[in-house]
Amino acid sequence: MQQLISPESLADLLRTDPPVLLDVRWSLTGPPGVQAYQEGHLPGAVFVDLDTQLAAEPGAGGRHPLPEPARLREVLRAAGVRANHPVVAYDGADGSVAARAWWLLRWAGHEQVAVLDGGYAAWTALGLPVTTDLPDPEPGDVAVVPGGMPVLDAEQAAALAERGVLLDARAPQRYRGEVEPVDPRAGHVPGALNAPFSGHLGPDGRWLAPAELAARFREIGVRDGQPVGAYCGSGVTASSVVLALELAGLGPASLYAGSWSHWCTDPSRPVATG
């Protein structure tokens with residue numbers, strides 16, 4: 001299965017061989033994504049909450065630590081995810097949150113997963129069907145075997161910034177340390193390069209073509225064969241950088257899952273600004 005699927009292709013699939021649909025709409029500033037889901041969602045889609053189901057409790061590991069494998073297995077099975085059966089995740093628009101679900105499934109060993117290009121916004125813009133009906137999926141049997149995607153801890157992220165490329169997916173002003181609306185310290189991991197996740201999209205709200213993504217990353221400083229990793233505020237939008245690098249043929253990239261929300265809590269870790 002391709003990592004990115006268009007609304008048109010997904011609509012065809014739903015008529016022939018429906019994948020499991022995960023609605024993961026979420027916003028840092030609210031309201032809760034489940035409210036949007038209740039107001040309308042793709043037919044058959046199951047809502048999965050980023051904060052409570054696709055992450056562990058916030059704490060020393062950051063604001064969205066990786067969930068325990070047993071908990072993730074429980075969540076995915078309740079949503080109907082089955083071994084060797086396709087899954088499509090979607091969010092409100094840009095794929096930055098859906099990429100977290102994509103990454104977690106890949107990390108858990110489930111290869112057949114894609115992100116809906118343009119998300120719910122693109123789906124509804126085409127007049128494709130939505131519903132308020134709540135599905136009752138048959139429980140799945142997916143196994144969760146961590147290790148399918150590479151993960152960095154803080155020390156490994158610091159080393160990668162020196163010997164390879166570490167990409168910071170946050171907005172430029174947060175990367176530079178001019179503002180920090182969420183975490184206790186402002187700035188970035190020394191040596192990291194800024195690659196805002198918003199740059200993955202074209203003017204139409206769809207993801208850029210692979211060649212365009214590759215050109216963008218090369219302009220930032222990524223080179224073929226060079227080890228590369230990504231982080232963001234809490235390990236969510238950085239997942240979309242990992243996805244974009246894979247689409248561009250420059251992966252696999254590692255994810256610093258704790259991201260800035262983990263890095264900045266230790267006063268012994270250096271912080272760069274500018």
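Modeller: Helices (H or I, at least four residues) and strands (E, at least two) are DSSP runs, counted from the N terminus. This is a predicted model, in which local features need pLDDT of at least 70 and side-chain atom pairs pLDDT 80 or more, while totals for chains, interfaces and linings use all residues. Residues are numbered from 1 along each chain as its sequence is written, and side-chain values use heavy atoms, without hydrogens and water.

Colleague: Which residues does UniProt list for "domain: Rhodanese"?

Modeller: The unreviewed entry lists residues 15-132 and 160-272 under that name; such annotations may be inferred rather than shown by experiment. Residues 15-132 are 34% helix and 12% strand, with end C-alpha atoms 19 Å apart. For residues 160-272 the figures are 30% helix and 12% strand, and the end C-alpha atoms lie 15 Å apart.

Colleague: At what angle do helix H5 and helix H10 pack?

Modeller: Two packed helices are described by the angle between their axes and the distance between the axes. Axes are lines fitted to C-alpha atoms over the stretch in contact, and angles run from 0 to 180 degrees between N-to-C directions. H5 (residues 98-107) and H10 (residues 238-247) pack at about 75°, with axes 8 Å apart. H5 is therefore roughly perpendicular to H10 (a term for 65 to 115 degrees).

Colleague: Which residues of H5 and H10 make the contact?

Modeller: Contact means heavy atoms within 4.5 Å. H5 contributes Ala 99, Arg 100, Trp 102, Trp 103 and Arg 106, and H10 contributes Ser 239, Ser 240, Val 242, Leu 243 and Glu 246. By class, the contact of H5 with H10 has five nonpolar, two polar and three charged residues (nonpolar: Ala, Val, Leu, Ile, Met, Phe, Trp, Tyr, Cys and Pro; charged: Asp, Glu, Lys and Arg; polar: the others, Gly among them).

Colleague: What lines the largest cavity?

Modeller: On a 1 Å grid over the protein atoms alone, a cavity is a set of points where a 1.4 Å probe fits but cannot get out; a pocket is an open set with protein on both sides within 12 Å along at least five of seven lines, and lining residues have an atom within 4 Å of a point. The structure holds one cavity of 30 Å³ or more. The largest cavity has a volume of about 40 Å³ (the space filled by probe spheres set on the points, which are joined across faces, edges and corners). Its lining is Leu 22, Val 24, Val 48, Leu 54, Leu 72, Leu 76, Ala 101, Leu 104 and Leu 105. Helix H4 (69-78) and H5 each give two or more residues to that lining, and H5 gives the most, with three. The lining of the largest cavity has nine nonpolar, no polar and no charged residues.

Colleague: What volume does the largest pocket have?

Modeller: The largest pocket holds about 380 Å³ of space. Its lining has 21 residues, with Trp 26, Leu 28, Ser 96, Phe 197 and Thr 237 closest to the centre. That lining divides into nine nonpolar, six polar and six charged residues. The second largest pocket has about 200 Å³. Among its 16 lining residues, Pro 19, Val 20, Leu 21, Gly 44 and Pro 137 lie nearest the centre. Ten residues of that lining are nonpolar, three polar and three charged.

Colleague: Where is Pro 31 found?

Modeller: Pro 31 is in the loop between strand E2 (20-23) and helix H2 (33-39), and a cis peptide bond joins Gly 30 to Pro 31, with omega about -5°. The bond from Gly 251 to Pro 252 is also cis, with omega near 0°; Pro 252 is in the loop between H10 and strand E10 (254-256).

Colleague: What is phi of Asn 84?

Modeller: Phi of Asn 84 is near 60°, a positive value in a residue other than glycine. Asn 84 is in the loop between H4 and strand E4 (87-90).

Technical notes: Parallel < 35°, antiparallel > 145°, perpendicular 65-115°, else oblique.
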